[in-house]
Amino acid sequence: MRNLINFAGHHSLPVIGQGSWYMGENPAQRATEVAALQAGLACGLRLIDTAEMYADGAAEQVVGEALQGRRDQALVVSKVYPWNAGEQDAIGACERSLRRLRTDYLDLYLLHWRGNVPLEETIRAMERLQQQGKIRYWGVSNFDTDDMAELWDEAGGTQCATNQVLYHLGSRGIEYDLLPACQQRNLPIMAYCPLAQAGRLRDSLFSDPQLTRLAQQKGISVAQLLLAWVIRQPGVIAIPKASSVAHVQENAAALEVVLSEDDLSLINQRYPAPQHKLPLDVV
């Protein structure tokens with residue numbers, strides 16, 4: 001399989017994973033959601049991302065069901081609310097996530113966004129969870145450049161394994177400073193909503209005539225074009241939602257898409273890279 005990343009120095013992963021945002025909200029969709037995640041694992045998309053926030057934990061339950069008999073095939077990521085990220089509260093939050101996921105450990109546990117709990121306290125909580133064997137690695141989400149600099153200055157902060165942020169063709173702000181800073185430290189970026197799933201630009205991206213024409217010329221879908229564009233960057237893992245078996249298989253096939261310099265030049269003319277610092281985009 002093309003496009004592998006060496007995560008945390010120990011895990012060779014495809015640079016497309018599976019997201020679970022909005023899963024678990026409709027019980028009638030549960031079987032479809034479970035089947036999609038399992039199909040993704042069968043395609044080699046080992047990273048599965050979830051959070052205690054998603055459907056108030058129900059998304060974790062969907063992921064847990066999908067993992068039965070397949071836990072060793074997956075690298076499981078979940079996220080903790082900022083108000084649960086204190087030295088004591090994080091332990092209980094993690095244990096609740098583990099119960100919903102029906103597993104003994106998380107491969108990666110992220111602070112979902114920055115809140116009022118001091119970073120040094122959250123780091124201590126993560127280290128304690130590691131010592132207890134409940135998580136293997138920890139990281140952050142929705143941290144901008146200044147947040148990362150502050151984190152790296154904290155004792156233990158350089159052990160952060162990833163930063164998960166919004167990144168897609170219509171939201172390129174991280175390319176100006178955050179992405180280069182993380183690349184310099186070999187810190188992977190996880191791109192959530194790489195297809196602008198929850199953003200205002202999704203319809204315009206998918207209906208863009210130039211993108212549609214380019215995708216047709218390459219014999220791929222616009223979604224595959226957008227995914228291939230996101231993962232062109234070294235150290236970036238895209239985590240689109242695993243909405244159906246067909247979509248997951250389509251996502252996996254995007255790993256084989258090669259964008260030429262001419263392709264990238266055309267895309268850049270239509271959606272140029274940032275020329276100055278922009279506030280971190282979030283949804």
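Let me start with Y176, which sits at 41% relative accessibility and so counts as partly exposed. The cut-offs here are under 20% for buried and over 50% for exposed, so 41% falls in between. Keep in mind that this is a predicted model.

Where is Y176 in the chain? The residue is in a loop, with β8 (163-166) on one side and α6 (178-184) on the other. What does Y176 touch, once neighbours within four places in sequence are left aside? Its contacts are P274, Q275, H276 and K277. Take Q275 as one of these: Q275 and Y176 are 99 residues apart along the chain, yet 6.9 Å separates their C-alpha atoms.

Now the sheet. Eight strands form an open sheet with parallel pairing, and the order is β3-β4-β5-β6-β7-β8-β9-β10. At the edges are β3 (18-19) and β10 (236-239), each of which pairs on one side only.

Looking at one pair in detail, β4 (residues 47-49) and β5 (residues 75-80) run parallel and are joined by 3 bridges. Within that pair, I48 has V76 in β5 as its bridge partner.

Against the sheet there is helix α3, residues 89-101, which lies across β5, β6 (106-111) and β7 (135-141). Its direction makes an angle of about 135° with β6.

In soluble globular proteins, nonpolar side chains tend to be buried together. In this model the largest nonpolar core has 95 residues, and the members touching the most others are F7, Y109, M148 and L151. Helix α9 (residues 222-230) gives the largest share of this core, 8 residues.

Y109 is worth a look on the screen. Not counting residues up to four places away in sequence, Y109 touches S78, K79 and V80, among others. Its contacts also include A90, A93 and C94, as well as M126, L129, I135, Y137, W138 and G139.

Finally, the whole chain. It has 11 helices and 10 strands. Buried residues account for 55% of its 283 residues. Of the contacts with a separation of 6 or more, 78% are between residues 24 or more positions apart.

On overall dimensions, the C-alpha trace spans about 55 × 45 × 35 Å along its principal axes. The radius of gyration is 18 Å; a compact globule of 283 residues would be near 19 Å, so the two agree. The accessible surface is about 12,100 Å², and carbon and sulfur atoms hold 46% of that.

Definitions and conventions:
Residues are numbered from 1 along each chain as its sequence is written. This is a predicted model: local features need pLDDT of at least 70, side-chain atom pairs count only at pLDDT 80 or more; totals for chains, interfaces and linings use all residues. Side-chain values use heavy atoms; hydrogens and water are left out. Helices (H or I, at least four residues) and strands (E, at least two) are DSSP runs, numbered from the N terminus. Buried means under 20% relative accessible area, exposed over 50%, partly exposed in between (1.4 Å probe, protein chains only). Contact means heavy atoms within 4.5 Å. Two strands pair if DSSP finds at least two bridges between them. Axes are lines fitted to C-alpha atoms, for helices over the stretch in contact, and angles run from 0 to 180 degrees between N-to-C directions. The radius of gyration is taken over C-alpha atoms; the globule rule is 2.2 Å times the number of residues to the power 0.38. Accessible areas come from the Shrake-Rupley method with a 1.4 Å probe; for residues, only the protein chains shown count as cover. A nonpolar core is a set of buried Ala, Val, Leu, Ile, Met, Phe, Trp, Tyr and Cys residues joined through side-chain atoms within 4.5 Å.
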